Amino acid sequence: MSKTIDLANKVRGLLKIFGMRLPKTVKHGSFDGVVRPMMEVDEVLAHAMLPLLDARLVLYQHF
């Protein structure tokens, strides 16, 4: 679970660089649903975040 949190924090950091912020409390199960629409705004952001989100999703589903 800690690796899932680490990846979520990296995603939060990337969003912050692009001037976007997530609410402080986003539940693990709804994280992807909140983040994926946000990254559609910028192709560079999507390119950087998709691997992180995919890895986080796999870890979340298996652990």
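**Notebook: charges and salt bridges in a predicted model**

I began with the charges: the protein chain carries 9 positive and 6 negative side chains, and the centres of these two sets are 13 Å apart. I placed each charge at NZ of Lys, CZ of Arg, CG of Asp or CD of Glu.

I note that this is a predicted model, in which local features need pLDDT of at least 70 and side-chain atom pairs count only at pLDDT 80 or more, whereas totals for chains, interfaces and linings use all residues. Residues are numbered from 1 along each chain as its sequence is written, and side-chain values use heavy atoms, with hydrogens and water left out.

**Entry 1. Overall fold**

I looked up the secondary structure and found three helices and zero strands in the protein chain. Helices (H or I, at least four residues) and strands (E, at least two) are DSSP runs, numbered from the N terminus. Read from the N terminus, the order of elements is α-α-α.

I then checked the dimensions. The radius of gyration, taken over C-alpha atoms, is compared with a globule rule of 2.2 Å times the number of residues to the power 0.38. For 63 residues a compact globule would have a value near 11 Å, and the protein chain agrees, because its own value is 11 Å. Along the principal axes, the C-alpha atoms fill a box of roughly 30 × 25 × 15 Å.

I recorded the surface next. The accessible surface of the protein chain is about 4400 Å², and carbon and sulfur atoms hold 62% of that. These areas come from the Shrake-Rupley method with a 1.4 Å probe; for residues, only the protein chains shown count as cover. Of the 63 residues, 30% count as buried. Buried means under 20% relative accessible area, exposed over 50%, and partly exposed in between (1.4 Å probe, protein chains only).

I also looked at contacts, defined as heavy atoms within 4.5 Å. Among the contacts with a separation of 6 or more, 52% join residues 24 or more positions apart.

**Entry 2. Salt bridges**

How many salt bridges does the protein chain have? I took a salt bridge to be a side-chain nitrogen of Lys or Arg within 4 Å of a carboxyl oxygen of Asp or Glu. By this rule I count three salt bridges.

I began with Arg-36 and Asp-32, whose side chains form a salt bridge at 3.6 Å, N to O. The two residues are about one helical turn apart, because they stand four residues from each other in helix 2. Arg-36 is partly exposed, at 23% relative accessibility.

I next examined Arg-56 and Asp-32, which form a salt bridge at 3.9 Å, N to O. Arg-56 belongs to helix 3 (residues 43-62) and Asp-32 to helix 2, so this pair ties together parts that are 24 residues apart in sequence. The C-alpha atoms of Arg-56 and Asp-32 are separated by 9.0 Å.

I then found a salt bridge between Arg-36 and Asp-54 at 2.9 Å, N to O. Arg-36 is in helix 2 and Asp-54 in helix 3, so the pair ties together parts that are 18 residues apart in sequence. Through shared partners, the salt bridges join Asp-32, Arg-36, Asp-54 and Arg-56 into one network. Asp-54 is partly exposed, at 39% relative accessibility.

Is Asp-32 buried or exposed? I find Asp-32 buried, because its relative accessibility is 11%. Asp-32 lies in helix 2, which spans residues 31-39. Apart from neighbours within four places in sequence, Asp-32 contacts Pro-37, Leu-53, Arg-56 and Leu-57.

Arg-56 counts as buried, because its relative accessibility is 1%. With neighbours within four places set aside, Arg-56 touches Thr-4, Leu-7, Ala-8, His-28, Phe-31 and Asp-32.

**Entry 3. Val-34**

I finished with Val-34, which is also found in helix 2. Val-34 is partly exposed, with a relative accessible area of 30%. Which residues does Val-34 contact, leaving aside its neighbours within four places in sequence? I find Leu-22 and Val-26.

Notes
Lys and Arg count as positive and Asp and Glu as negative; His and the chain ends are not counted.
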